Amino acid sequence: MEILKIEQLSKVYGQADTAVKALDDVSFSVKKGEFVAIVGPSGSGKSTLLHLLGGVDRPSSGKVWVDNTDIYQLNETKLAIFRRRQIGLIYQFYNLLPILTVEENITLPLLLDGHKVDKKQFQETVELLGLQERIHHLPNQLSGGQQQRVSIGRALISNPAIMLADEPTGNLDSKNSKEIIDLLKMFNRTYNQTLLVITHDDRIALQADRIISIEDGRVSKDEVIRP
């Protein structure tokens, strides 16, 4: 079952002589439960692609379907709601709100939707993330690895259709990097969570089911590592 489909996706910044094509006619699909690594040199268009898949930026042309919804047919308000509910985003620098506790940061997507927090699900999530002793702490009271665990919890709390991670270990040491990737793999394998990870690290990419290589804004290679 396809959970994500991208068709002829392009993104151009600027106009006329100053135009830069960051993404050029990209098409591929992802099945539910796949772990896909997106790799490529700096400036290749990886982050632009992730932002378009996550509904953070709008394409110049092309389409993105997430769980059978053509996301760029939605207006800004509906897209923001869809993104909050169906797309879990994890960034290199965590993007946590400094005035909120761990519990408040994780449950923020539900609270913004006016939904009650499922205490059992929340407890299970923080235990899996190893944060049960930290739920009343603020981000500045946590290590980098713990902050990234909080951002993973926030991305997962709404049970999204897809989870997108942009260099999730880029700001961490090797020990914390391994722990974060092991956590993402666990959620992927155990809970069938569809996962797309942008990474410069070949060791991380080789743990994926599939590697999509981006060069000069185009897909240069699409390899299945584990059928």
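The model is predicted, so local features need pLDDT of at least 70 and side-chain atom pairs count only at pLDDT 80 or more, while totals for chains, interfaces and linings use all residues. Residues are numbered from 1 along each chain as its sequence is written, and side-chain values use heavy atoms, with hydrogens and water left out.

A pocket here is an open set of points on a 1 Å grid over the protein atoms alone, where a 1.4 Å probe fits and protein lies on both sides within 12 Å along at least five of seven lines; its lining residues have an atom within 4 Å of a point. Helices (DSSP runs of H or I, at least four residues) and strands (E, at least two) are numbered from the N terminus. At least two lining residues come from each of α2 (76-86), β6 (87-90), α3 (102-112) and α5 (144-156), and α2 gives the most, with five.

The second largest pocket has a volume of about 260 Å³. Among its 15 lining residues, Q121, L156, N159, Y191 and Q193 lie nearest the centre. This lining divides into seven nonpolar, six polar and two charged residues. Here α4 (119-128) and α6 (174-191) each supply at least two residues, and α4 gives the most, with four.

Definitions and conventions. Grid points are joined across faces, edges and corners, and a volume is the space filled by probe spheres set on the points. Ala, Val, Leu, Ile, Met, Phe, Trp, Tyr, Cys and Pro count as nonpolar, Asp, Glu, Lys and Arg as charged, and the others, Gly among them, as polar.
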